[in-house]
Amino acid sequence: MHTAWRCPDCGPVSPLHVAEHIGPEIVASTIDRISADRGMTDPDGSGARAVPAVPLWCPWPLPPGWTMTGVGWAGDDRGGVRATAVACSGPAPLGGGPADLVLVAEEPGVGLGTRLAGTAGPDPGPQLTEAITEPGPGHPERVAHAKVRAGGHPTPLWSVKSPTDRSAYAGEARGIWLYAITWPASAGYLLAEDVDLHDLTEWTPPELVYGAPSPYLHGKV
């Protein structure tokens, strides 16, 4: 008997909760759930959690024509929220149809980011180590593949291996993993522009526009 959620391949996992719809009330409810963790104690009763509340990253301002299309979180009542995900959709940066972006913030070992990125393992650590220590031909220095600003701070992201239908980038912000996954793969060019990520737990813009629910948070990947 086990009290934790378990995957037959990975063992104990944090259950994923994805809202069926998206709108101001759904976002507010998710923020309330994340904020409640600030007063939680460790599962072993050793005291207050050493890990701060997981941010809920969202591009703000949204790129022209883009909308927020989904929100989710991973965790349970005992361990609290250990990962968050925000989905956005809009016109592809190079044209040719719609594009989707999912941002994931997670504590080490959760594996939500790697699942959406289509890579193995619970963390991008091994791939990031390779990207940083072996920049590749023509890149003698450790040049990040994408740069965003998370909470006002420059945040480098490195490309990690993913299926050909998407592109995936990973890095670190506020001491935890940050993933940016786009569909199709060419939509990764969105991150070549000036993208500011805002933590919705700090303030939710009333001008935030919502769109149809993202398929990528509802089991398409």
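**Before starting**

Residues are numbered from 1 along each chain as its sequence is written, and side-chain values use heavy atoms, with hydrogens and water left out. Because the model is predicted, local features need pLDDT of at least 70 and side-chain atom pairs count only at pLDDT 80 or more, while totals for chains, interfaces and linings use all residues.

**Stop 1: the whole chain**

Show the chain as a cartoon. Its secondary structure comes to 3 helices and 12 strands; helices (H or I, at least four residues) and strands (E, at least two) are DSSP runs, numbered from the N terminus. Of the 221 residues, 46% count as buried. Buried means under 20% relative accessible area, exposed over 50%, and partly exposed in between, with a 1.4 Å probe and protein chains only.

**Stop 2: helix H1**

Select residues 24-35, which are helix H1. H1 has 12 residues and reaches 16 Å from its first C-alpha to its last, close to the 16 Å expected at 1.5 Å a residue (the expected span is 1.5 Å times one less than the number of residues). Which residues of H1 are buried? They are Val27, Thr30, Ile31, Arg33 and Ile34. Seen down the axis of H1, the buried residues fall within an arc of 160 degrees, so they line one face of the helix; the arc is that of the directions from the helix axis to the C-beta atoms. On the other side of H1, Glu25 and Asp32 are exposed. The buried residues of H1 pack against S5 and S6.

Thr30 is buried, with a relative accessible area of 7%. Leaving aside residues up to four places away in sequence, Thr30 touches Leu56, Val71 and Trp73, where contact means heavy atoms within 4.5 Å.

**Stop 3: the largest nonpolar core**

A nonpolar core is a set of buried Ala, Val, Leu, Ile, Met, Phe, Trp, Tyr and Cys residues joined through side-chain atoms within 4.5 Å. Select Trp57, Cys58, Met68, Leu197 and Leu200: of the 37 residues in the largest core, these touch the most other members. Elements that give two or more residues to this core include helix H1, strand S4 (57-59) and strand S7 (98-106). S7 gives the most, with 4 residues. Apart from this core lies another, of 23 residues, among them Ala83, Ala131, Ile181 and Trp183.

**Stop 4: an aromatic pair**

The structure holds 1 aromatic pair. Select Trp183 and Tyr216, which are stacked at 4.0 Å centre to centre, with 10 degrees between the planes. Rings of Phe, Tyr and Trp (its six-membered ring) pair if their centres lie within 6.5 Å; planes under 30 degrees apart count as stacked, over 60 as edge-to-face and the rest as tilted. Trp183 lies in strand S11 and Tyr216 in the segment after strand S12 (196-199), so the pair ties together parts that are 33 residues apart in sequence. Trp183 is buried at 2% relative accessibility, and Tyr216 is buried at 11%.

**Stop 5: Gln127**

Finally, select Gln127 in helix H3 (residues 125-133). Gln127 counts as partly exposed, at 21% relative accessibility.
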